[in-house]
Structures are given as C-alpha cells and as structure tokens.
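My entries follow in the order I made them.

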Amino acid sequence: MDKVLVDILGLSPSPSSPGAYALILKETEGERRLPIIIGQFEAQAIALELEGIKPPRPLTHDLVRNVLDSLGNTLSDVLISELREGTFYARLNVEGNAVSHQIDARPSDAIAIAIRFGAPIYVAESVMEEAAAVPDTDEGDEEIEGKGERTKKNRERSPAYTKESKMEQLQKELTEAISREDYEKAAKLRDEIRRLQLGD
C-alpha cells in the first residue's frame, strides 16, 4: 500500500458544531491537506501533548503508552488506511518481543497515541487522493454575495447544470474553503463530493 508521511498542521474549532474540531494533516513533502473532524476530548489530548503540557494524572492515551511500554512494546507508526462512507479508519502498528501487531483505531486516538511515542503518522495515498486538497494561493476578486447567490440558483435551474458541472463547482468550493482554512466546511464539501461519486 502506498502511503504518505504527514505532519499535524493544527486544530480548528468548529463554530457550528459545539465540541467538534477539525484536525488538519499536511503531507510532509507536498501541499495537500487532509481535514478530519474529531471530538473535544481527543482534540484536547492532542493539543496538550503538542504543547508539552503534562496533566497531574495520566489521560487515556497516556495510559495506553504506559501499558505498551511496560509490556516491552513500542509504536512503530500509525496509518490512516481507509475512508468508507465518510468515516476514516486507522491502525496502530505495534512491535515488541519479536512480534508485530496491527490494532484498529479511530484516527484521533491513533494520532494522540502516536505523538506520545514520537511515532510517524502516515495516510494511505488512496485516502489522500480521495479526501485531501491543495489550498488555492490565488486571490481572485471577491464575488458580491447577492449576485453570487442568484447566479448559483439560476445555474442549478439550468438544464446545463449537470452532475459533472456540480462536481466541478464543489471541487472549487473545497479548494477555496481550504485556502481560507475553513476546514469544517471543507470536510462537509468533501463528504458531498463523495456522495456524488458513489451515486455514479
């Protein structure tokens, strides 16, 4: 399986979904960015470790690290391996005592554990191709909102507004959302694009 090494670019709180955060992953040798919506607890666990803040008592992800350490195991890497029906899947690659194990996990938990081990984070190339996007660095003229809404409605009523043109429009909006770092909207647009693709 082809895979891409990624770094954590940041966490962005969701203004419309209280408690939700967008975890942004960026390929190490490239510009593609992958937003993943995660919960508040997982976001806090990731942020605390990234900022070097140690809680007085171990959190769940600290406990996992301590258990693996005490059993003589280590985390070699984490892989976000699949995207099925809008849900990301990941696995922990654990090694120890001359034995390797692949353990299923949510990406948010896998990443929270990975940064505690200093382990690399990978994303399958197939997932990057499907869900990641490159920010648009070109700053075009801003469209007047009222005119833009009327144009959009007229286009959608037109027979020429086919599935292909809608896909192109969604891809454009996805790129614009990522360039504005509006990762919550980007994740929703990505899911809508995915639904259109599955409808083929």
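**Aromatic pairs.** I searched the whole structure for aromatic pairs and found zero. The model is a predicted one. A pair would have needed ring centres within 6.5 Å.

**Charges over rings.** Next I looked for charges over ring faces. I noted Lys 3 over the face of Tyr 122, at 4.3 Å from the ring centre. I also noted Arg 84, which lies over the face of Tyr 89 at 3.9 Å from the ring centre.

**α1 against α3.** I then turned to the helices. Helix α1 covers residues 40-50 and helix α3 covers residues 107-117. Their axes come within 9 Å and cross at roughly 15°. Angles under 35 degrees count as roughly parallel, and α1 and α3 are therefore roughly parallel to each other. I logged the crossing of α1 past α3 as left-handed. On the α1 side, the contact is made by Glu 42, Ala 45, Ile 46, Glu 49 and Leu 50. On the α3 side I listed Ser 108, Asp 109, Ile 111, Ala 112, Ile 115 and Arg 116. I sorted the residues of this contact of α1 with α3 into six nonpolar, one polar and four charged.

**α2 against α3.** Which residues does helix α2 span? I read off 60-70. The axes of α2 and α3 come within 9 Å and cross at roughly 55°. The two helices are therefore oblique to each other. The residues of the contact of α2 with α3 divide into five nonpolar, one polar and five charged.

**Phe 117.** I followed up on one residue of helix α3, Phe 117. What does Phe 117 contact, leaving aside its neighbours within four places in sequence? My list reads Arg 65, Leu 68, Asp 69, Thr 74 and Leu 75. Phe 117 and Arg 65 are 52 residues apart in sequence. From C-alpha to C-alpha, Phe 117 and Arg 65 are 7.3 Å apart in space.

Terms used:
Residues numbered from 1 in each chain as written. Predicted model: local features only at pLDDT ≥ 70, side-chain atom pairs only at ≥ 80, totals over all residues. Heavy atoms only, no water. Phe/Tyr/Trp six-rings, centres within 6.5 Å; stacked < 30°, edge-to-face > 60°. Lys NZ or Arg CZ within 6 Å of the ring centre and 35° of its normal. Axes fitted to C-alpha atoms, helices over the stretch in contact; angles between N-to-C directions. Helix = DSSP H or I, 4+ residues; strand = E, 2+ residues; numbered from the N terminus. Parallel < 35°, antiparallel > 145°, perpendicular 65-115°, else oblique. Left-handed = near helix turned anticlockwise from the far one by under 90°. Contact = heavy atoms within 4.5 Å. Nonpolar A, V, L, I, M, F, W, Y, C, P; charged D, E, K, R; others polar.
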